[in-house]
Amino acid sequence: MTPASDIQSEDTIHRGPPVTVNRYGPAKRVNHWITATSLILLALSGLAMFHPSLFFLTGLFGGGQNTRMLHPWIGVVLFFSFYVFFFQLWRANIFNRADMEWFMGVRDVIGGNEERLPEMGKYNAGQKVIFWSMAILIVILIATGVIIWDQYFHSYTSIQTNRIAVLIHAIAAAVIICVFIVHVYAAFWTRGTLRAMTRGSVTGGWAWRHHRKWLRELAGRGRIDPAE
Ligand code: HEM
């Protein structure tokens, strides 16, 4: 069963024509793009410090010293921007029984036969996996990142703790880069999704095709813009 909180304050159907559905308000979109920009900068600056063959990337940040100084601060920005987002979206990302069926029928999703699967609420199981993976990985990254932030926290941890933290930090970073690639690929691959994060709305057809339960619920509750 989709929890009532699957619907957020700004989710509204506009009669059109054409019919559109609000999915993200301006504040959520700005926050999302701050998060996205931070992660990209973190990946570039992190990779620059990860291996000598990638050291040339420090040029983007004004040299090695600056890269080392900036990277943790960008991490702090990512942490706070994502967690504002997290508290707004976590309820809509709780797994339910329909998600299991989505996983079992993922071939139909890839094959464009979503009709064979249960109707989805605001997020499908794949989006939920990405959401929780990002949330967990960001916590791991900030926790290990603080431990290895020698400029401020060097005296609080042992060298052994530091070494373990560096290893976990690097593994979590590699995994989140993969998760990020899957997220961006899915956003482009599922046509009409990107405008949810650029314009804030999707077409009625997109909502009907991919998140029908969410659309039905909005209609059922009368969340329809009366002005149009
Ligand atoms: C250039 C990179 C990115 C693009 C093009 C992109 C695109 C999008 C789009 C189109 C959506 C709306 C999907 C929908 O409502 O169905 C979305 C949602 C979202 N994005 Fe991104 N994104 C990017 C980077 C990131 C990064 C780096 C993070 C986190 C570290 C992130 C976290 C999220 C979350 C949490 C959602 C809400 C979906 C959910 O709660 O399951 N995105 N993104």
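Residues are classed here as nonpolar (Ala, Val, Leu, Ile, Met, Phe, Trp, Tyr, Cys and Pro), charged (Asp, Glu, Lys and Arg) or polar (the others, Gly among them). The model is predicted, with local features requiring pLDDT of at least 70 and side-chain atom pairs pLDDT 80 or more, whereas totals for chains, interfaces and linings use all residues. Numbering runs from 1 along each chain as its sequence is written, and side-chain values use heavy atoms, without hydrogens or water.

A pocket is an open set of points on a 1 Å grid over the protein atoms alone, where a 1.4 Å probe fits, with protein on both sides within 12 Å along at least five of seven lines; lining residues have an atom within 4 Å of a point. Volume denotes the space filled by probe spheres set on the points, which are joined across faces, edges and corners. Helices are DSSP runs (H or I, at least four residues) numbered from the N terminus.

The largest pocket has a volume of about 1,400 Å³. Its lining comprises 48 residues, with Gln 127, His 183, Ala 186, Ala 187 and Thr 193 nearest the centre. Helix H7 (159-189) is among the helices that supply at least two lining residues, and H7 contributes the most, 10 residues. The composition is 32 nonpolar, 12 polar and 4 charged residues.

The second largest pocket holds about 1,000 Å³. Of its 33 lining residues, Gly 46, Met 49, His 71, Ile 148 and His 169 are closest to the centre. Two or more residues each come from H1, H2, H5, H6 (150-153) and H7, and H2 provides the largest share, 9 residues. This lining divides into 23 nonpolar, 8 polar and 2 charged residues.
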